[in-house]
Every structure is written in structure tokens, then in C-alpha cells.
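Colleague: I am new to this structure. Could you show me how to read it, feature by feature?

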Amino acid sequence: MIGNKIKKIRKFRGYTQRELGLLCGYKINSADVMIAKYETGDRIPSRKTIEKLAFVLNVPVSIFDCNIRENIGVSELGDLLLWLNEFGSNIDFLFQNDRISIIVDDPKFNEYLRMWHKKTQDYKDGKLSLYEYSSWKYTIMPLILNGGQEEETT
């Protein structure tokens with residue numbers, strides 16, 4: 001849900017709802033109310049508002065485009081694997097007792113997983129602060145997934 005992403009990134013950047021609303025151009029008496037409505041899902045921001053939020057929060061617009069729930073379900077993961085396979089990635093499975101390993105033969109996907117694993121491990125090992133790790137997840141990784149193209153925001 002887009003509201004959860006707005007809230008998580010807003011908190012990461014250290015803004016209150018009012019501060020974010022004011023930076024997005026809302027009037028002082030409605031700034032926090034508008035952001036609260038976006039975060040709870042009571043209102044869905046327009047594309048123009050999403051672009052403004054992305055600009056203010058210093059993240060690519062694409063971070064708000066993905067609608068995968070916070071707790072991804074089995075069916076969503078299955079859909080991802082089916083589509084990867086449909087578009088040419090070789091998917092294989094390794095069965096070991098009650099565990100299944102998924103093997104994906106797709107260089108871009110595998111590089112993404114390698115980077116993610118490395119950054120996660122660096123964070124767990126204390127080589128990255130929570131701020132550095134979160135910054136990578138919210139700012140750098142979406143750019144990598146977008147082919148390295150920074151999106152224009154207005």
C-alpha cells in the first residue's frame with residue numbers, strides 16, 4: 001500500500017506529517033490531515049502528488065509505483081516467478097526435505113539479489129548503519145531496478 005511507503009519513508013527522513021504536508025505545498029491547517037489520509041489509505045494521492053512526495057522525500061517516483069503488500073504472500077511470489085519464467089528466465093527448484101530452493105537463471109535478477117544480500121549482511125555485521133542501509137533501500141536500489149535512470153520529478 002502506498003500509504004505505508006509514504007509513512008515509512010517520511011519517518012526515515014525525520015519529517016512529521018505536518019512538515020511533509022507543508023513541503024508538498026498544503027496549507028498549514030490541512031497539511032498534516034492530507035498526509036495522514038494518504039498514509040491510512042483514506043485518500044489515494046494523484047500522480048502529481050506522488051511526484052511531489054517523491055521529490056520532497058528524495059526518492060524515485062518508482063518506489064511508489066509497486067503495489068506489493070508489505071507482507072508479500074505466496075501467490076505474489078509465485079506470480080513473480082511465473083512472469084520471470086514467461087519472459088525468458090530459467091527457473092529451477094532444488095528440493096531438500098521440507099525446504100525448496102529456487103534457482104533463477106537471470107543475470108539482472110541475480111545481481112539484484114547479490115547486492116541485496118551483501119547490503120543486508122553488511123548491516124547485520126555493523127558495517128552499515130540503519131540510516132545507510134535504509135538510504136540504500138529507499139533511494140539507490142529503486143534506481144538500480146529502474147535501469148540506473150533517475151526519474152524526473154516536479
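Colleague: What pattern does the protein follow, read along the sequence?

Modeller: Keep in mind that this is a predicted model. Along the sequence, the pattern is α-α-α-α-α-β-β-α-α. In total there are 7 helices and 2 strands.

Colleague: How much of the protein is buried?

Modeller: Of the 154 residues, 31% are buried. The accessible surface comes to about 10600 Å². Carbon and sulfur atoms account for 54% of that surface.

Colleague: And contacts between residues at least 6 apart in sequence: what share joins residues at least 24 apart?

Modeller: That share is 50%.

Colleague: Now a helix pair. At what angle do the axes of H1 and H3 cross?

Modeller: Helix H1 covers residues 2–13, and helix H3 covers residues 31–40. Their axes cross at roughly 125° and come within 6 Å. That angle makes H1 oblique to H3.

Colleague: Which residues make the contact?

Modeller: H1 brings Gly3, Asn4, Ile6, Lys7 and Arg10. H3 brings Ile35, Tyr38 and Glu39. Sorted by class, the contact has 3 nonpolar, 2 polar and 3 charged residues.

Colleague: How far apart are lysine 37 and glycine 3?

Modeller: In sequence, they are 34 residues apart. In space, the distance is 8.3 Å, C-alpha to C-alpha.

Colleague: How is a pair of aromatic rings described?

Modeller: By two values: the distance of the centres and the angle of the planes. The count here is 8 aromatic pairs. Take phenylalanine 93 and phenylalanine 95: their ring centres are 6.5 Å apart and their planes are at 35°, so the pair is tilted. Phenylalanine 93 is partly exposed, with a relative accessible area of 40%. Phenylalanine 95 counts as exposed, at 61%.

Colleague: What about the rings of tyrosine 112 and tryptophan 116?

Modeller: Their centres are 5.8 Å apart, with planes at 40°, so this pair is tilted. Both residues lie in helix H6, residues 107–124. They are 4 residues apart, about one turn of the helix. Tryptophan 116 is partly exposed, at 39% relative accessibility.

Colleague: Which residues form one aromatic cluster with Trp116?

Modeller: Phe109 and Tyr112 form that cluster together with Trp116.

Terms used:
Residues are numbered from 1 along each chain as its sequence is written. This is a predicted model: local features need pLDDT of at least 70, side-chain atom pairs count only at pLDDT 80 or more; totals for chains, interfaces and linings use all residues. Side-chain values use heavy atoms; hydrogens and water are left out. Axes are lines fitted to C-alpha atoms, for helices over the stretch in contact, and angles run from 0 to 180 degrees between N-to-C directions. Angles under 35 degrees count as roughly parallel, over 145 as roughly antiparallel, 65 to 115 as roughly perpendicular and the rest as oblique. Contact means heavy atoms within 4.5 Å. Ala, Val, Leu, Ile, Met, Phe, Trp, Tyr, Cys and Pro count as nonpolar, Asp, Glu, Lys and Arg as charged, and the others, Gly among them, as polar. Buried means under 20% relative accessible area, exposed over 50%, partly exposed in between (1.4 Å probe, protein chains only). Accessible areas come from the Shrake-Rupley method with a 1.4 Å probe; for residues, only the protein chains shown count as cover. Rings of Phe, Tyr and Trp (its six-membered ring) pair if their centres lie within 6.5 Å; planes under 30 degrees apart count as stacked, over 60 as edge-to-face and the rest as tilted.
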